[in-house]
Amino acid sequence: MGVPKFFRYMSERYPCLSELVKDYQIPEFDNLYLDMNGIIHNCSHPNDDDPHFRISEETIVKNIFHYLEVLFQMIQPQKLFFMAIDGVAPRAKMNQQRGRRFRSAHTAAEQMKQAISRGETLPSEERFDSNCITPGTPFMVRLQNELEYFVADKMSNDPLWTKVQVILSGHQVPGEGEHKIMDYIRYIKSRPGYNPHTRHCLYGLDADLIMLGLCTHEPYFSLLREEVKFGRKAKKETSVDETQFYLLHLSLMRDYLGLEFQELKETLPFEYDLESIIDDWVLMGFLVGNDFIPHLPDLHISKGALPILYRVYMDVLPKVEGYLNEQGTLNLKRFQKFMETLANFDYDQFRDTYADIKFLEGKRSANTATSNKINNDPAYKDELAALIKDTDRILLSDDDEEDEFEETEDESIMAEFTLHKENYYKNKLDYNVVTDDVMRSQAEGYIRALQWNLNYYYNGCCSWSWYYPHHYAPYISDIKGFENLKIEFDLGQPFLPYEQLLAVLPSLSKELLPKPFQDLMTEEASPIRLYYPEKFETDLNGKQHEWEAIVLIPFIDEEILIKSIKMVEHKLTADEKSRNTHGPMHLFMYTKKNLGTGSISKYFPSIEESHAEKIAINREDIFVDIGDLVKGLCPGLQMDVYHVGFPSLHLIPITAQLQRRNVKVFQSPSLGENMIIKIDNKDENDNESIQHIAKELLGNTLYVNWPHLEEIKVTAVSNTTVKLSFNEDEQLVVREMNESDIQEFNLLAQGIAKTFITTRGIDIGKTHVLLRGQTLKGTKYVPRQDGSGVDLIKVWNDISSTIAYQTSIPGLEVIDPSLKESYFTLEKYFPLGSKVFVLDAPFYGCQADVLGGFISSRVKINIILEPEPYIQDLKERLESVSTELFYANTAASKLSINSHLLAKITGTIFLAVETYEDRNEKKMNIGMNLKSNKRNEEVVGFTKKFENVWMYSQKTIDLLSEYIRRFPELINVLLNTESSKDTFKSEDMFPDPNTRKQKLDELKKWLGEIRSLTKDKQTCGSMEPSKIAAVVKYMDEFMTENLKHKKTVTLSVKSQNLFKPITKLDKLKADEGADTRVLDRVVCIRSSYQVPLGFKGIVVGISKSNIDTEIVYSVIFDKEFPNAVSFGGSTNRGYKLCRMSFINLSHAIRNGLYKPLVVKKTVNQIHNSEKQVC
């Protein structure tokens, strides 16, 4: 199924389902699972639309390592970290893999041809072929080795990794990544002592993960994925502090499905069971298609297929004595009843289309002969869509006088429908004659496919060799007579890696195979040559986008394939033969024992002391017999307790109904129906109730803003009559509400209600009581004054929030794992040798080592003082390398044009190109593309945006001058056109038809050259690369001259003035109130983070945000580190951090809290001698 479509549909229908989170908002998880292939693809070819993009394997590996660290550090699993790469897939998946790989290789080749035709010069390096991300290729073997090194390195050197077990299931382990994860979850769930409250987080981009997660029946299960932006391309981010992530809570999905099918509670003659309804929902999801089985004809998510299935299900289920999907086994008798009812959809769909066609044919031409074959062209059907309503009215008239006509019409339509289906089986499925045997095989084949899918999702792969042998599914009305079908599968064995490679790769990717197998793809005498067509057709088959189209290539014949391989496999080298095998997954566990030198990396230093014990786990070791699997909910599960971070709808009384309310999801109003939840309010609109509420809540904590609950400390309670609060002495203050207070109360209540309905699809009803309170900012350990230890306390925001009382849950039973360790002794909290930061003058922000000496509340520490740079001298250095910029009026006057033309031509101007002149593009951008307000981008060295004003460099003026000289007729047209027009016709620009094509070709070629010169874009407001290079050079000079001068200071400090480095973020800052500016000096205070602890750097950019915790700071650090990103010329030294990740040393210097060592002058320093200026 289309991944974005299914995810978007579910998120819009169930608006609270997905939560956009920062890493400090993520709950604690026991197990983190990664479906790795999405990460590998994103890190190796992030922009497939750019034929110029090139990337080295070293960069790919570094990108993957960085991404893994980001995800691990964000989630910080407590017990298990499971990384699963796709191994050899079941034969059922290979048809889809084959289509994808043929399409991607063909698209890449076409892009390069088009770029060359536009006059663009492509890089000489080979473009990365994403088809190499397939088991058995040399790339995957090398990546496996690098990943083993990565795990061993992190486990040996990062304390955060020592407490978890890590499993790496690589490409050599058969099975798709997400299904290997499910196999392991089924395994641990069947083990004695399994905790039914285990919290699972699964990262992946495939929407099928929603179904797989629900199949586990684990209620505390969330899916993690990057933010999805529909309607425009999402910009790739560079760090965890920028990347937005969604948590999709399956706890909410379960509740929403209960609401979707809530009417069954009243209509079922047997016991209502949500777990069984979830299983049936998974089964219905298969009918709209997935990676193993095509969708049923005309059943498309975008065209309302799922509500149709739901309605039929709720009508049929009360009549069939039980559920359809019995924990992974299809009840054929009941499912046949379901399909019989659903079959009406086929006829209704055809009748509507048929009537529309006949109606339009009559209007178009009286001379058009009636055709028995239905036009299946999507554009033709779209043209008819507006007539459906009127046609239904005509055909379904209740006029008794037309009964005879209607019967004749129905018979005619049914005859046409029968003929249409016959044509479908002949044209789509290539049957010469459609017999009863053919139809029986179609029905039985589809039912077998459904059962194979159910086995795969609930029990594991039941057959490695089975596959669905058609590109298309039968019509619903033809899937019948299967009640007594006997379904059995032969488990068999998975393909070997080279067998899969030959089964799925196109000849364009033949270099990924050993040479003997390449010849099998290309030589005419090869018995499998016909399976590698260089040209192929695609069929949208009712879909809307080309990536959804069916790739019409022949299915591989397994027997012929294996025979062909055996003909040449003797030519393989020993190394090539070693890649053509299966292998175990590996478990890594931390051990204190020094295991010597660890895994070797091609790109990173060797591990001198490895502490990662590596244990092989074979597939057989985690196999669980189907009779021993734990199906449904685990025994001992407590569902009525709130586990912090796992939202639930059933914690308060609600009702729900589907409505079209345009709830805003994914930054835009929903397209379809939303499940609108209404809170069943209690009447709290009297003084007795308000007094009771105040007594219970004032001064206490409470969970509010259901269902994504957050904790507040209540400071006031009010209605339209009275407001109750505590004063500074915690005495109750009662104040009557005046007219102004009442007006403010109503405005606040209306605003809260609007937010809930427009963003969450929740109707909170009329608000009678408002709460004021401080939301939880975070938790921290505070040393006791007597030095007896440290206590965990909650820290509340200074600014109060207003809450509608009905969205709170008083008396909620809560399990919060973050509070499990509320006390430590000083010795345990500040262990010997640990790192801390001083929060007291004159060493504020300095890193120190704990030496011990725990006397009273003091801790003995060792500080290494270092010099800090002269910021004023750095500012002067930057001024000397600044690019001269001109305002639009000045730049335009230099070119003798007006500023409107300058603004237009340096941006985007579209030229409509006639298709006979250029078949590859109908619109051509003839603007210089040097700026973008929409994307908030400027071009390095050419344009700069200050506030909302664009400025231009001399390079831009020179480039535009050449444009004017080369194409004066085009410039003249633009000069004489109104400024708002941005699209032109080619004949407007080049009126002479005899020279038009030549001029267009010249323009395309020149613009192609310009694009390559101006491709370095950056976010508006970023520091230019030349200035960043100057910062780097300045700091290198400073470090060389001054860092040999260090001073060690040993002293005892009050434990209250020490900051212990953090691993998990909340909203607390170590230096609350510090003002951070560009060129400020900062130090990283996060441990087990992408930036090493204690690294210092200079702020070179600050993003804009109204939310303090979401501001991102671009920092150039003094030294290189592995996960650094590049800002301009700062190779391996940059990173983007949130405010909670550092202490601002410059702020401390400005306020007299930090007095670094006196520094010596660097090159070109001529003043400011020993005074720190920040």
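Modeller: A residue is called buried here when its relative accessible area is under 20%, and exposed when that area is over 50%. Please keep in mind throughout that this is a predicted model.

By that cut-off, the buried residues of helix α20, which runs over residues 558-568, are L561, S564, I565 and V568. These residues cover an arc of only 100° around the axis, and therefore they sit on the same side of α20. The face of α20 that is turned away from this buried side carries E559, K563 and K566, which are exposed. As for what the buried side meets, the buried residues of α20 pack against α18 (497-504) and α19 (515-522).

In α28 the residues T956, I957, L959, L960 and Y963 are buried. They cover an arc of only 165° around the axis, so they too are placed on the same side of their helix. The length of α28 can also be checked: at 1.5 Å a residue, its 13 residues (954-966) should span 18 Å, and because the end C-alpha atoms are 18 Å apart, the expectation and the model agree.

N31 counts as buried because its relative accessibility is 5%. Its side chain makes a polar contact with the side chain of Y33, at 3.0 Å. If neighbours within four places in sequence are left aside, N31 is in contact with P77, K79, L80, I188, T198, R199, H200 and C201.

Some loops deserve a careful look at their backbone. A cis peptide bond, with omega of about 5°, joins W706 and P707, and P707 lies in the loop between β19 (701-704) and β20 (710-718). Another cis peptide bond, with omega of about 0°, joins A841 and P842, and P842 belongs to the loop between β29 (835-838) and β30 (847-855). E321, although not a glycine, has a positive phi of about 70°; E321 is found in the loop between α11 (305-316) and β8 (325-326), and with a relative accessible area of 66% it is exposed. S1088, also not a glycine, has a positive phi of about 50° and is found in the loop between β43 (1081-1084) and β44 (1096-1102), but at 16% relative accessibility S1088 counts as buried.

As for the setting, the secondary structure of the chain comes to 33 helices and 48 strands. With 1174 residues, a compact globule would have a radius of gyration near 32 Å, and the 34 Å of this chain agrees with that. The C-alpha atoms fill a box of roughly 100 × 85 × 75 Å along the principal axes. Of the 1174 residues, 54% count as buried, and among contacts with a separation of 6 or more, 73% are between residues 24 or more positions apart. The accessible surface of the chain comes to about 52700 Å², with 48% of it belonging to carbon and sulfur atoms.

Technical notes: Residues are numbered from 1 along each chain as its sequence is written. This is a predicted model: local features need pLDDT of at least 70, side-chain atom pairs count only at pLDDT 80 or more; totals for chains, interfaces and linings use all residues. Side-chain values use heavy atoms; hydrogens and water are left out. Helices (H or I, at least four residues) and strands (E, at least two) are DSSP runs, numbered from the N terminus. The expected span of a helix is 1.5 Å times one less than its number of residues. Buried means under 20% relative accessible area, exposed over 50%, partly exposed in between (1.4 Å probe, protein chains only). The arc is that of the directions from the helix axis to the C-beta atoms. Contact means heavy atoms within 4.5 Å. The radius of gyration is taken over C-alpha atoms; the globule rule is 2.2 Å times the number of residues to the power 0.38. Accessible areas come from the Shrake-Rupley method with a 1.4 Å probe; for residues, only the protein chains shown count as cover. A polar contact is a pair of N or O atoms within 3.5 Å; within protein, one must be able to donate a hydrogen and the other to accept it, and residues adjacent in sequence count only if both atoms are side-chain atoms.
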